[in-house]
Amino acid sequence: MAPPNIVGGGGLLANAAGAFGCMLTGGSIVATRYVIGQTDPVTLSFLRYLIAIACLLPVTVVLLRRHRPSPRDLAMLAVLGFAFFGLFPWLFTLSLQFTTAARGALALATAPLIALAIASALRMESFGVVKLAAVLTAIIGVAIALSGDARGLAAVGPDYWIGDLVMLGAAAIAAAYSVGAKPLLTRHPALLVTCLSMLAGFAALAVPAGVIVADRGLPAFDTPGLIAVIFLGIGGGALQFGLWIWAVSRLTPTQASLFLTLTPVTAMVLGLVVLNEVFTTALLIGLFLVVAGLLGINWRPRPWAG
């Protein structure tokens, strides 16, 4: 008898890359929450991608010698890059000035439902009852966790809802990118798509970051803060997005974006250890439902043989 398959389409490596990339996203949330008090959202996002691009630029040059996207694809990469590597990191960082790492991560986990809605509307992905139930399970988990986070709210103050809403906006951008990048990823290497779209986002951040640095000077990071920035550039920048976009190229948009539900798992654990955030019963119940949704979206029953 063959057991049911929960690996999902795209293969084990693609699912593993998506999972690990989104775990790095959880680490990025905690690192951002830790260091944001030492700088501002735009400058931190700019420094993050400056480091990431320094890591990826040599690979980009080599790939461009072998593979030249058309002007139309370059324009699409620029638009997607402006949104995902320009607006997304700014919203992502801004939200964590107002809300906790755990709440921010759970708000980001709404991306799969948004991706499913977009992909289904564009007829890029089939809309099934099982898939919808799995995503809704994850979203219900998010709602339960957020509704019971009273102690976390006391730590961040009354404007927590601003951070939650801003992170929901970031989630919508991540979902749109996972859908919009899919056609490009069928024509071009995933790493080249990552590099070029990241360059577009970096360029969009350069002007406002330059204005802020000219006015306030460079941020004065302490040693742990500097380590957090370096992690954001390497682990949370080049590696995180490289893995996730490679996974997007081999998975459906909903499958890829649903790996973002692993983000709160990582953020909650690291938030407890690094930021002294609190686990509540509601957070743990919500976390269980999020993971259940992740498994459900990848469930592919096989016929029993025997």
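Cys195 is buried, because its relative accessibility is 2%; buried means under 20% relative accessible area, exposed over 50%, and partly exposed in between (1.4 Å probe, protein chains only). The model is predicted, so local features need pLDDT of at least 70 and side-chain atom pairs count only at pLDDT 80 or more, while totals for chains, interfaces and linings use all residues. Residues are numbered from 1 along each chain as its sequence is written, and side-chain values use heavy atoms, with hydrogens and water left out.

**Overall fold**

- The protein has 13 helices and 0 strands. Helices (H or I, at least four residues) and strands (E, at least two) are DSSP runs, numbered from the N terminus.
- Along the sequence the pattern reads α-α-α-α-α-α-α-α-α-α-α-α-α.
- The protein has 306 residues, and 53% of them count as buried.

**Cysteines**

- The disulfide count is 0, a disulfide being a pair of cysteine sulfur atoms within 2.5 Å.
- Cys55 is partly exposed, because its relative accessibility is 37%.

**Aromatic rings**

- There are 7 aromatic pairs in the structure. Phe84 and Phe85 make an edge-to-face pair, because their ring centres are 5.0 Å apart and their planes meet at 70°.
- Rings of Phe, Tyr and Trp (its six-membered ring) pair if their centres lie within 6.5 Å; planes under 30 degrees apart count as stacked, over 60 as edge-to-face and the rest as tilted.
- Phe84 is buried, at a relative accessible area of 3%. Phe85 is also buried, at 0% relative accessibility.
- Phe84 pairs with Tyr177 as well, and here the rings are stacked: the centres are 4.3 Å apart, with 20° between the planes.
- That pair ties together distant parts of the chain. Phe84 belongs to helix 3 (residues 71–95) and Tyr177 to helix 8 (residues 160–187), 93 residues apart.
- Tyr177 is buried, with a relative accessible area of 2%.
- A cluster linked by ring pairs takes in Tyr49, Phe84, Phe85, Phe88, Phe92 and Tyr177.
- Arg48 places its charged end over the ring of Phe92, 5.6 Å from the ring centre. A charge sits over a ring if NZ of Lys or CZ of Arg is within 6 Å of the ring centre and within 35 degrees of the ring normal.

**Helix 8**

- Asp164 lies in helix 8. Asp164 is buried, because its relative accessibility is 10%.
- Setting aside neighbours within four places in sequence, Asp164 contacts Thr99, Arg103 and Ala107.
- Leu165 is in helix 8 too. Leu165 counts as exposed, because its relative accessibility is 51%.
- Leu165 and Ser95 are 70 residues apart along the chain, and their C-alpha atoms are separated by 7.9 Å.

**Helix 12**

- Helix 12 (residues 262–274) has 13 residues, so at 1.5 Å a residue it should span 18 Å. Its end C-alpha atoms are 18 Å apart, in agreement. The expected span is 1.5 Å times one less than the number of residues.
- Its buried residues are Leu262, Thr263, Pro264, Thr266, Ala267, Met268 and Gly271.

**Other distant pairs**

- Ala143 sits in helix 6 (residues 129–147). Ala143 is partly exposed, because its relative accessibility is 44%.
- Ala143 is 143 residues from Gly286 in sequence, yet 7.3 Å from Gly286 in space, C-alpha to C-alpha.
- Gly37 is in the loop between helix 1 (12–35) and helix 2 (41–66). Gly37 is exposed, because its relative accessibility is 72%.
- Gly37 and Gly225 are separated by 188 residues in sequence and by 9.5 Å in space, C-alpha to C-alpha.

How values were computed: Contact means heavy atoms within 4.5 Å.
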